[in-house]
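Let's walk through this one together, from its charged pairs to its inner spaces and its surface. Have the model open as you read.

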Amino acid sequence: MEDRQEVIRGNHRIGFIWRDFRDYTSLHGIHYVRRNSTYRCRWLVWTVSILVVVSFICVNVFRLHRKSMNYSTKTSNKIVMVTSVPFPAVTICNISENQLQDIQVDDVNDLDDHQHLDEHPVIENNNSYFLNSSDYYKDDTDHLNNYSLSDFFTFCSQNRKVILCEDYIVRKTTQLGLCYTFNSYEYSQNEGQMYVQTTGTQTALTFNMKLNQHHSDQGVGIRIVLHEPGEEPDVLNKGFNIAEGFSSYVSMSMTKYEYLPSPYSISDNQHCIITNTPDFVSPLQFYPKYSYSACLMECRRNFIIQICACKSVFDPGSESVCTTPTSIGCYSQASLDFDIHYKTTKQCNCQQSCEFVEYQYSISSAISPAKIYLPYLKPIYQDKNFTGKNCLEVRLFFDSLSYTLAESIPEYSRIDFIGILGGMMALFLGASLLTLAEVAELILMCFVIGLKNSVKYIKGKIIDSR
């Protein structure tokens, strides 16, 4: 009997704790939850209202927690002012990759046999597909593009000083044939990263070039690709063209991307990889530094070799080079299939780097040179018939010493989670985080008293059974 009395007193004690909490808590509306109210239905209305509000808060907190567990992100863009900006690598290709007088007689005969292919739907304006003869070898690409550095570049200047082009520019074999890269990966490895501390056209990097228009077998001009020194230039899908006979001003700007590594995704459950750590091992076989574009280019090469059992003369590797008919047929069709369908799938397994840089540009051009300067330029270009039509000038510069930082951050951080929870509690219940301490105290005290009552009740049962 005494144990039962203790249990009854314990139950009364819980009721006392509840009434004390109800009357003195900072939660709005709780003190109306009492049956001895003047209005009989008042306690019921307030009880239902509080339960609905608490349920609403709990459901939204659960949804917020579940969304945060999906590791969703958002992008924050900001302008960062600096004292110097990393200068990009500049890859320059002659749009006309071949000179007609350098094509072998056998190759011309092969082309004559395939004159009807001019109307073939899968052939693009790219002669690497036509001229990949079986007689070409891996290192024998000079006869496809006879534009040497001295033939291509008249002079170079930077910061109002004439510089030796050959000190900064290296040959680069690409899908457009032989190109030239200023501030290449090899140069940055030996000399360090190149920075610029001035802006505007007066101190721009300037290239004066001459093109063999009368020797060209297709369009005249150059293709320029701006990229990081360690990134492989994708000359087919990126960059811009500049026509001859113009002075073109290229205003550059830089955007730096910083994504969060796994388990966060950048898009459609695609995760980035950290490539700037010493323990990172590049999965690429033919390119010294990993980049998304280099991965796609290697995947494209492997895809074509798997289908055609040969490669282009410009592709890396020791496999046999496609014959002219194979280049026109299988190679062209496989390239088209890859560009349209294959590279958009996950079969390449190419992941974006968590940190990388892209360069944007805007171009303005004017006809150059003016006729008044032609007599003075003829000795420089060593051409008595110089008219300026087969020459061009390119100036590359930054407008400002700044860059755009596109930073990926968690959509909901712990601070955001606490802020949203506190906002809902304050809006619907007038509560704060300290109010949660009051609720926790109530639950703890009721639990302890209930536990004691249970122990005493069990003891009472045991004694009664004896």
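How many salt bridges does the structure hold? The answer for this predicted model is six.

## Charged pairs

Take Asp 339 and Arg 300, whose closest N and O atoms sit 3.7 Å apart in a salt bridge. Asp 339 belongs to helix α8 (residues 324-340) and Arg 300 to helix α7 (residues 292-308), so this pair ties together parts that are 39 residues apart in sequence. Arg 300 counts as buried, at 7% relative accessibility, while Asp 339 is partly exposed at 23%.

Glu 231 and Lys 238 make another salt bridge, again with 3.7 Å between the closest N and O atoms. Glu 393 is buried, with a relative accessible area of 13%.

## Inner spaces

Look inside and you'll find two cavities of 30 Å³ or more. The largest cavity holds about 70 Å³ of space and has 13 lining residues, with Val 196, Thr 198, Thr 203, Ala 204 and Phe 397 nearest its centre.

Strand β14 (residues 391-398) gives the most to that lining, with three residues. By type, the lining splits into seven nonpolar, six polar and no charged residues.

## A nonpolar patch

On the surface, Leu 444, Phe 447, Val 448, Leu 451 and Val 455 form a nonpolar patch with about 460 Å² of accessible area together. One of these, Val 448, is found in helix α11 (residues 433-465) and is partly exposed, with a relative accessible area of 36%.

Key. Residues numbered from 1 in each chain as written. Predicted model: local features only at pLDDT ≥ 70, side-chain atom pairs only at ≥ 80, totals over all residues. Heavy atoms only, no water. Patch = residues over 30% accessible without salt bridge, like charges linked within 9 Å, V, L, I, M, F, W, Y side chains within 5 Å. Areas by Shrake-Rupley, 256 points an atom, 1.4 Å probe, with all protein chains shown as cover. Salt bridge = Lys/Arg side-chain N within 4 Å of Asp/Glu carboxyl O. Helix = DSSP H or I, 4+ residues; strand = E, 2+ residues; numbered from the N terminus. Buried < 20%, exposed > 50% of the residue type's maximum accessible area, 1.4 Å probe, protein only. 1 Å grid on protein atoms, 1.4 Å probe; cavity = no way out; pocket = protein on both sides within 12 Å on 5 of 7 lines; lining within 4 Å. Points joined across faces, edges and corners; volume = space filled by probe spheres on them. Nonpolar A, V, L, I, M, F, W, Y, C, P; charged D, E, K, R; others polar.
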